[in-house]
Number of protein chains: 2
Amino acid sequence: MSLCDTAIMRVLQHPPRKNLTLTQVLYALSDPVRLSIVKNLAEDDGKACGTFCLPVAKSTASHHFRVLREAGVIEMRSEGTQCINSLRREDLDARFPGLLDSILRASDPL
Amino acid sequence: MSLCDTAIMRVLQHPPRKNLTLTQVLYALSDPVRLSIVKNLAEDDGKACGTFCLPVAKSTASHHFRVLREAGVIEMRSEGTQCINSLRREDLDARFPGLLDSILRASDPL
DNA sequence: TCCATTGTTCGTAAATAATAGAACAATTGA
DNA sequence: TCAATTGTTCTATTATTTACGAACAATGGA
């Protein structure tokens, strides 16, 4: 069955670009676990939640992905039983020029 | 009496440049009150705590200044009964190139 | 249909953080 | 010396955040 024909497709809310706020983005990135997710995506975009090696329980990881999504930092789309994540680079760059790059450069290498 | 001769001079702890951490700085700047302090200092450095128009009580403001100081974002020095604040631009730029600028550019004008 | 996989949600507990008022401390000027 | 100014610290309260396990839901393959 094609993905789009799926009867029940989880709809994840993403804030539109214009609604992104600086403080919310900074807050989302101020947690080590969440920052590591973003750093990981910056190097390898489109990864499923389960492929990240995080030092927290599954439910906690789910929470962190949600914080990133609601801040507008990542986009999540379900694909089968998985959840594919990607960085909202264009939106972040448009709204906060240079911010993401400086943060990625400032953080230690993976 | 000269400032340096003062018998009891409050000694404020400031983290050295090398100890600044990205997550701590991001966290410090993720609060609207603290971000407004930093934006204010970026335009008008060397202001005393009392000259900021903040929507919180004196003790709460004191807390926010401390968070900024302990994250290494601002430098505080006492001068008489006042506390003079300045942005640690050079340290921030050295440690996290472009970060402060992008944040100041991204935030709305005062 | 059954089961494994993947991730979310719920309930809850522990830790953090923001806030304010009151008391306090240091400085300066009258 | 006394009082005003400026800011910190203490204490308490409230709210938020992080965390986990258990239960649940959706998907896809055997």
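**View 1. E79(B) and its salt-bridge partner.** E79(B) is partly exposed because its relative accessible area is 32% (partly exposed sits between buried, under 20%, and exposed, over 50%, with a 1.4 Å probe and protein chains only). Its partner here is R77(B): the two side chains meet in a salt bridge, 3.1 Å from N to O. For a salt bridge, a side-chain nitrogen of Lys or Arg has to be within 4 Å of a carboxyl oxygen of Asp or Glu. R77(B) has 38% relative accessibility, so R77(B) counts as partly exposed too. Keep in mind that this is a predicted model, where local features need pLDDT of at least 70, side-chain atom pairs count only at pLDDT 80 or more, and totals for chains, interfaces and linings use all residues. As for bookkeeping, residues are numbered from 1 along each chain as its sequence is written, chains are lettered from A and ligands numbered from 1 in the order in which they are written, and side-chain values use heavy atoms, with hydrogens and water left out.

View 2. Over all chains, the rule gives 8 salt bridges. One of them links R88(A) and D91(A), at 3.0 Å from N to O, and both of these residues are buried. Another joins E70(A) to R66(A), whose closest N and O atoms are 4.0 Å apart. This pair lies in helix α3 (residues 58-71) of chain A, with 4 residues, or about one turn of the helix, between them. (Helices, H or I with at least four residues, and strands, E with at least two, are DSSP runs numbered from the N terminus.) E70(A) counts as partly exposed because its relative accessibility is 41%, and R66(A), at 46%, also counts as partly exposed.

**View 3. Around I74(B).** Is I74(B) buried or exposed? I74(B) has 0% relative accessibility, so it counts as buried. You'll find I74(B) in strand β2 (residues 74-79) of chain B. Skipping neighbours within four places in sequence, I74(B) is in contact (heavy atoms within 4.5 Å) with residues including H14(B), L41(B), F65(B) and R88(B). R88(B) is 14 residues away from I74(B) in sequence, yet their C-alpha atoms are 5.2 Å apart.

**View 4. Around S86(A).** Look for S86(A) in strand β3 (residues 82-87) of chain A. With a relative accessibility of 10%, S86(A) counts as buried. Not counting residues up to four places away in sequence, S86(A) touches L41(A), D45(A), G46(A), V73(A), I74(A) and E75(A).

**View 5. Where chain B meets chain A.** Here 18 residues of chain B are in contact with 18 residues of chain A. Together the chains bury about 1400 Å², 75% of it on carbon and sulfur atoms; buried area is the accessible area (1.4 Å probe) that two parts lose on being put together, summed over both. On the chain B side, α1 (22-29), α2 (32-43) and α5 (99-106) each supply at least two of the touching residues. How many salt bridges cross this interface? The rule finds 0.

**View 6. L99(A) and the nonpolar core.** The largest nonpolar core has 62 residues, and V73(A), L99(A), V73(B) and L99(B) touch the most other members. Such a core is a set of buried Ala, Val, Leu, Ile, Met, Phe, Trp, Tyr and Cys residues joined through side-chain atoms within 4.5 Å. Leaving aside neighbours within four places in sequence, L99(A) contacts L22(A), V25(A) and L26(A), plus L99(B), S102(B) and I103(B).
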